[in-house]
Amino acid sequence: MDGLLNISFEEYTSIKIRIPSRDEQDKIAVYFRKLDMAITLHQRKKKVLKKYKLE
């Protein structure tokens with residue numbers, strides 16, 4: 001070993017990484033797209049309110 005890991009090679013190679021199914025990944029992506037759009041709309045609304053001093 002090169003000293004960078006505090007675990008043995010066997011422990012390192014036996015680590016299991018769980019990845020969501022493709023369907024779940026797609027649902028997560030849709031959620032974040034909607035969240036991004038909501039944030040963008042909120043920021044635009046805030047700018048308009050500020051512009052017309054309605055905030």
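Is I17 buried or exposed? At 70% relative accessibility, I17 counts as exposed; buried means under 20% relative accessible area, exposed over 50%, and partly exposed in between, with a 1.4 Å probe and protein chains only.

The structure is a predicted model, in which local features need pLDDT of at least 70 and side-chain atom pairs count only at pLDDT 80 or more, while totals for chains, interfaces and linings use all residues. Residues are numbered from 1 along each chain as its sequence is written, and side-chain values use heavy atoms, with hydrogens and water left out.

**Fold and surface**

The protein has two helices and zero strands. Helices (H or I, at least four residues) and strands (E, at least two) are DSSP runs, numbered from the N terminus. Helix α2 covers residues 22-51, and its 30 residues should span 44 Å at 1.5 Å a residue; the expected span is 1.5 Å times one less than the number of residues. The end C-alpha atoms of α2 are 43 Å apart, which agrees. K53, which follows α2, has a positive phi, near 50 degrees.

Of the 55 residues of the protein, 0% count as buried. The accessible surface comes to about 5900 Å², and carbon and sulfur atoms account for 59% of that area. These areas come from the Shrake-Rupley method with a 1.4 Å probe, and for residues only the protein chains shown count as cover.

I17 lies in the loop between α1 (9-13) and α2. Together with I7, F9, Y12, I15 and I19, I17 forms a nonpolar patch on the surface, with about 660 Å² of accessible area. Patches are made of residues with over 30% relative accessible area and no salt bridge; like charges are joined within 9 Å, and nonpolar side chains (Val, Leu, Ile, Met, Phe, Trp, Tyr) within 5 Å.

**Side-chain pairs**

Side chains of opposite charge can pair when their charged atoms come close. A salt bridge is a side-chain nitrogen of Lys or Arg within 4 Å of a carboxyl oxygen of Asp or Glu. The whole structure holds two salt bridges, tabulated here.

| Salt bridge | N to O distance |
|---|---|
| R22 and D26 | 3.3 Å |
| K27 and D23 | 3.4 Å |

R22 and D26 are four residues apart in helix α2 and therefore separated by about one helical turn. The spacing of K27 and D23 in α2 is likewise four residues, or about one helical turn. R22 is exposed at 62% relative accessible area, whereas D26 is partly exposed at 36%. K27 is exposed at 55%, and D23 is partly exposed at 47%.

Rings of Phe, Tyr and Trp (its six-membered ring) pair if their centres lie within 6.5 Å; planes under 30 degrees apart count as stacked, over 60 as edge-to-face and the rest as tilted. By this rule there is one aromatic pair. Y31 and F32 form that edge-to-face pair, with 5.4 Å centre to centre and 75 degrees between the planes. Y31 is exposed, with a relative accessible area of 51%.
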